[in-house]
Amino acid sequence: QAREHFETARRQAHEVPVRILQPTVQYWYGRALSASVNTADHARGLAMVEAALTDFRALEMVLHANLAEQLLRDGP
């Protein structure tokens, strides 16, 4: 159910013209996946957090960028 929720949120974030939602959803979905024991899900999650970090920096969302950096450095 969580995966379905995040996939819906991801789709909606791209449909709604509120730009800050896109990396935020990427970050939280990526965070959830990065905690998975499944290797593919874990790798996908880290990639999503890295993508979110790039967008956070571009949007000057400093606090969010710091959270993403910390997750990538220290793990979930």
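A: A crossing is left-handed if the near helix is turned anticlockwise from the far one by less than a right angle, and right-handed if clockwise. Helices (H or I, at least four residues) are DSSP runs numbered from the N terminus, as are strands (E, at least two). This is a predicted model, with residues numbered from 1 along each chain as its sequence is written. Local features need pLDDT of at least 70, side-chain atom pairs count only at pLDDT 80 or more, totals for chains, interfaces and linings use all residues, and side-chain values use heavy atoms, with hydrogens and water left out.

Q: In which kind of crossing does H2 pass H4?
A: H2 passes H4 in a left-handed crossing. Tyr 27, Arg 31 and Ser 34 make the contact from H2 (heavy atoms within 4.5 Å). From H4 come Leu 67, Ala 68 and Leu 71.

Q: At what angle do H2 and H4 pack?
A: Axes are lines fitted to C-alpha atoms, for helices over the stretch in contact, and angles run from 0 to 180 degrees between N-to-C directions. For H2 and H4 the angle is about 15 degrees, and the axes lie 12 Å apart. H2 and H4 are therefore roughly parallel (under 35 degrees; over 145 is roughly antiparallel, 65 to 115 roughly perpendicular, the rest oblique).

Q: At what angle do the axes of H2 and H3 cross?
A: They cross at roughly 155 degrees and come within 7 Å. That makes H2 roughly antiparallel to H3. The crossing of H2 past H3 is left-handed. Among the H2 residues that meet H3 are Pro 23, Tyr 27, Gly 30 and Leu 33. On the H3 side, the residues include Asp 41, Gly 45, Val 49 and Phe 56.

Q: Is Gly 30 buried or exposed?
A: Buried means under 20% relative accessible area, exposed over 50%, and partly exposed in between (1.4 Å probe, protein chains only). Gly 30 is at 0% relative accessibility, so it counts as buried. Gly 30 sits in helix H2. Leaving out residues up to four places away in sequence, Gly 30 touches Gly 45, Met 48 and Val 49. The C-alpha atoms of Gly 30 and Ala 43 are separated by 9.1 Å, and the two residues are 13 apart along the chain.

Q: What is Gln 22 in contact with, leaving aside neighbours within four places in sequence?
A: Gln 22 is in contact with Ala 13, His 14 and Val 16. Gln 22 belongs to helix H2, residues 21-34. Gln 22 is buried, since its relative accessible area is 16%. Val 16 is partly exposed, at 35% relative accessibility.

Q: Which residues form the largest nonpolar core?
A: A nonpolar core is a set of buried Ala, Val, Leu, Ile, Met, Phe, Trp, Tyr and Cys residues joined through side-chain atoms within 4.5 Å. Here the largest has 9 residues: Tyr 27, Val 49, Ala 52, Leu 53, Phe 56, Met 61, Ala 65, Ala 68 and Leu 71. H3 gives the largest share, 4 residues. Ala 65 touches Leu 53, Phe 56 and Arg 57, not counting residues up to four places away in sequence. Met 61 is 19 Å from Val 16, C-alpha to C-alpha, and 45 residues away in sequence.

Q: Where does Glu 60 lie?
A: Glu 60 is in the loop between H3 and H4. Its phi is positive, about 60 degrees, although Glu 60 is not a glycine. Glu 60 counts as exposed, at 68% relative accessibility.
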